[in-house]
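Thanks for making time this morning.

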Amino acid sequence: MRRILSIDGGGIRGVFPASFLASLEDAIQDSVANYFDLIVGTSTGGIIALGLGLGYSAKQMLTFYEIYGPQIFAGSRLGRTVRHLFLTKYNADPLRRALQETFGDKRLGESLRRLIIPSSNLDTGEVHIWKTAHHPRFETDYRAKVVDIALATAAAPTYFPAHRLSSGTPLVDGGMWANNPVGVSVVEAVGVLEWPTDEILLLSLGCTSTPLNVKAIHWGWGYWGPKIVGVFMSTQSSAAVGTATHLLANRNNLIRICPSVGDRFALDLVTEIPSLKGLGASEARKETARLRPLFFTEPAEVFEPFHVL
């Protein structure tokens, strides 16, 4: 079987999947990355995916959030709100420093696993998907710096400025079109890697979810403005799961874990890091017995890229 790990975007709520995976590592006494043939992540999930691909443990990625999260999302609520009216809510420098201190000058070609990291090109309106050299056509991305990829996939509009590559290309958050990248992962597995649809197992991790609570009424922007992002994220995720299950020979081969927790956890609410960590550990405790025989019986085959540094 070919096993895929897909991780959603969600800002500081990335603590949840990081904690979930760290708890699984405690249970299996090994790095979870060793058991997946493909790892896909968007935004905060992209940062986790990059770390796992480079050989960092999920526990190390959890520590990344605990140490750097309060620095990345720093400032008073009033100050952030005022800034948000005219500029991005946060300066990207703390995020850049955190990533630089964590990943240094590592490049995508150093990944031990196949990776896919979505982002978006502001100039062209096209998707910009970072990929390891797991196909002969992928001749450039493997040379890209991991810090650049992480900054690009996590540049959520209004929260962080677009990340401009040395080439001049402005990139923003892959969550603009694939906040839940599970559909992207199966399309890659079937269409590019040509894995048989009956031999794919997929673990999809969200960053918690919030019920929409939207009424079908004829109100305008005053009503829809605060809710539109939630509607967009929910429907995109539903479409992604639908795409993935449609392509898989057995819809039961996709396991989606994304607890609904109300509106308690905001994208940048760092005071909830301990609760998100606890929720991840609690969910892993419930799911380990189900996931172990499916995903963690034997390591994935060694990844041999077509192009190397």
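This is a predicted model: local features need pLDDT of at least 70, side-chain atom pairs count only at pLDDT 80 or more; totals for chains, interfaces and linings use all residues.

Let us begin with helix α1, residues 15-28, and helix α3, residues 58-72, which pack at an angle of about 150 degrees with their axes 8 Å apart. Because of that angle, α1 is roughly antiparallel to α3, and the crossing in which α1 passes α3 is left-handed. On the α1 side the contact involves Val15, Ala18, Ser19, Leu21, Ala22, Glu25 and Asp26, while α3 contributes Ala58, Lys59, Met61, Leu62 and Tyr65. Sorted by class, the residues of this contact between α1 and α3 are eight nonpolar, one polar and three charged.

The second pair is helix α5, residues 93-103, with helix α6, residues 146-153, where the packing angle is about 145 degrees and the axes lie 9 Å apart. Here the crossing of α5 and α6 is right-handed. Leu95, Arg96, Leu99, Gln100 and Phe103 of α5 meet Val146, Val147, Ala150 and Leu151 of α6, and these contact residues divide into seven nonpolar, one polar and one charged.

Finally, how many cavities of 30 Å³ or more does the count give? The count comes to one, and the largest cavity has a volume of about 30 Å³. Its lining includes Leu108, Tyr142, Phe303 and His307, and by class the lining has five nonpolar, four polar and one charged residues.

Notes: Residues are numbered from 1 along each chain as its sequence is written. Side-chain values use heavy atoms; hydrogens and water are left out. Axes are lines fitted to C-alpha atoms, for helices over the stretch in contact, and angles run from 0 to 180 degrees between N-to-C directions. Helices (H or I, at least four residues) and strands (E, at least two) are DSSP runs, numbered from the N terminus. Angles under 35 degrees count as roughly parallel, over 145 as roughly antiparallel, 65 to 115 as roughly perpendicular and the rest as oblique. A crossing is left-handed if the near helix is turned anticlockwise from the far one by less than a right angle, and right-handed if clockwise. Contact means heavy atoms within 4.5 Å. Ala, Val, Leu, Ile, Met, Phe, Trp, Tyr, Cys and Pro count as nonpolar, Asp, Glu, Lys and Arg as charged, and the others, Gly among them, as polar. On a 1 Å grid over the protein atoms alone, a cavity is a set of points where a 1.4 Å probe fits but cannot get out, and a pocket is an open set with protein on both sides within 12 Å along at least five of seven lines; lining residues have an atom within 4 Å of a point. Grid points are joined across faces, edges and corners, and a volume is the space filled by probe spheres set on the points.
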